[in-house]
Amino acid sequence: MERESLEMDVVFVGAGPANLSGALHLTRLVNTHNEAVANGTREGKPLGEIQIAVIEKGSSIGGHILSGAVMDPRGLAELIPDFVEAGAPLESPVKEDHFLYLTGKHAIRSPITPPPLMNHGYYIVSLNRLTAWLGEKCEAAGVNIFPEFPGAEMLYDEADRVVGVRTGDKGIDKEGKRKPNFEPGVDLLAKVSVLGEGVRGSLTKKIVARLGLDEGREPQVYSLGVKELWELPDDRYPTGRVTHTLGFPSDQWTYGGGWIYGMQNRVVNLGYVTGLDYRDPLIDPHAEFQRFKSHPFLAKLLAGGKLIRYGAKAVVAGGWHAMPRLYADGVLIVGDSAGFLNAARLKGIHSAIKSGMLAAETIFEALLAGDFSASRLQSFEGRVKESWITPELRRYRNFHAGFRHGRWLGMANAGLQYITGGRAWGIFDRDHQEPGHEAMQKLSAYGYRGDDPAQRYKDLRFDGQLTFNKVTDVYHAAVAHNEDQPAHLHVLDTNICATRCAEEYGNPCQRFCPAAVYEMADNGDGQRRLQINFSNCVHCKTCDIMDPYQIINWVTPEGGGGPDYKGM
Ligand code: SF4
């Protein structure tokens, strides 16, 4: 197949906060350098016009971005010091922090907020709006942004050096045949490619495995955040109030917690995080969130309100010891793709932005030297180590691992870590963690008979007022995919689904997917087969992470498909 090749200098894959910050910072570094050389205030050669591209699978910048979010402004303040005056879309400064422990019936407010959850000086933001705003800044600075261009494959030379990225083909039908509007993907050849695809990036996953970038690291672990926006009938929840909860509905072996953030115009943003290392195979993170809302405290808060938006996204939680090597020949990994998020503080926007800026400084130096080898790009890790990212992430380096011993020991462990600067149990520099999918137990371990979710969720009802089923919620994520294309969820062995998986785990994909993509449908002959409703997919990546046999591979669908998040 004939493919067009485009020569760029730098290609950023994914238009999230890390990559947009990197592209913007790099553009400025290059422009400042060229001007300084031209006016004689700096020695050396001008770099000339450097071609920088950001490719994005969504149809618009920010459309696939979802986060809580309370933003520590440290990163944004370094990128755009006057971000407030410059019109950054901030919902509100944080005005109050509440921390609640939820029992089945009561909400007990803690007199103290755990230090990692103190948010004074921070901002409640909609990350998808903030990302769209950063995209505008990039375009104004001359960065080429290409929405609807998913990164489908890395391009390597014969020495396994990354030489660019191939974007996805368009116009392939569901049988895999070319439609009349077929357009082959483009080979974007670049001196450096920057992977900032967000959590569990599909290209990042492959390159980490291919080049062994995770050798000697702990396995990455994740959580899943399920979120709704509600419009309330009055001002009962003030703008700027931040509430975090612990306890109900998670059991003590399931890492989890809730959030409620007060946005403008009587909108509350609430959600529930479930660790994707849960044990009970009947757990359904969407159902956990619906149960969270049915707690009397939440039910009262939301009474008379209206659901306006829904979304879900995995959260990278493994911390410092789970970060892969961040560089190889011709490539850097930034943001959530690399695991820069601080799970204890529930914050990653600031460090994603900073990681993008440090990547830009590394690339700028490489452009000056004309050297894009791993030994040159290695200085990215040095920059990260010298920056404020490292003390922050090292302080919480064993946070998530401590919770595999259950909620209470996890809390005690977190306290000891806090006092000792991050040492597990106050003693060990590095705790170990297992991949989350390995934690899932079989149905038999819980005494379950079959996969009836009522065995765990006895009282859960979807009443269409306070609680919603997945299909209704997905409607509020404004998801759209062209249905006449191959499914972008590759299940490598569907025989396992109807046999081993049904028997051992009761097909947990039906539950861990928050968008009702996976369904065991009746074959008509008494057998069941896996049906994949891929057009519902909100790109949260949970199936790629949590499948117990690791046979689900999430790949990018045709460009433009996916959720269309607004205000999330
Ligand atoms: Fe998330 Fe996978 Fe379901 Fe898509 S199919 S919504 S990536 S779990």
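## A sheet, a patch and some salt bridges

Y418 is found in helix α13 (residues 407–419). Helices here are DSSP runs of H or I with at least four residues, strands are runs of E with at least two, and both are numbered from the N terminus. This is a predicted model: local features need pLDDT of at least 70, side-chain atom pairs count only at pLDDT 80 or more, and totals for chains, interfaces and linings use all residues. Residues are numbered from 1 along each chain as its sequence is written, and side-chain values use heavy atoms, without hydrogens and water.

Y418 has a relative accessible area of 31%, so Y418 is partly exposed. Buried means under 20%, exposed over 50%, and partly exposed in between (1.4 Å probe, protein chains only). Together, L416, Y418 and I419 make a nonpolar surface patch of about 290 Å². Patch residues have over 30% relative accessible area and no salt bridge; nonpolar side chains (Val, Leu, Ile, Met, Phe, Trp, Tyr) are joined within 5 Å, like charges within 9 Å. The areas come from the Shrake-Rupley method with a 1.4 Å probe.

Next, the sheet. Four strands form an open sheet in the order β1-β14-β11-β10, with mixed pairing. Two strands pair if DSSP finds at least two bridges between them. The edge strands, β1 (5–7) and β10 (151–156), each pair on one side only. β1 runs parallel to β14 (residues 187–189), over three bridges. In β14, L188 is the bridge partner of L6. Helix α4 (residues 202–211) packs on the sheet and touches β10 and β11 (162–167). Contact means heavy atoms within 4.5 Å.

Now the charges. Side chains of opposite charge can pair when their charged atoms come close. The count is 32 salt bridges, each a side-chain nitrogen of Lys or Arg within 4 Å of a carboxyl oxygen of Asp or Glu. Three of them are listed here.

| Pair | N to O distance |
|---|---|
| R345 and D72 | 3.1 Å |
| D251 and R456 | 3.1 Å |
| R500 and E504 | 3.6 Å |

R345 lies in the loop between α7 (335–338) and α8 (349–369), and D72 in the loop between β4 (70–71) and α2 (74–79), so this pair ties together parts 273 residues apart in sequence. Both R345 and D72 are buried. R500 and E504 both lie in helix α15 (residues 494–504), four residues apart, about one turn of the helix. R500 is partly exposed at 46% relative accessibility, and E504 is buried at 17%.

Note on methods:
Axes are lines fitted to C-alpha atoms, for helices over the stretch in contact, and angles run from 0 to 180 degrees between N-to-C directions.
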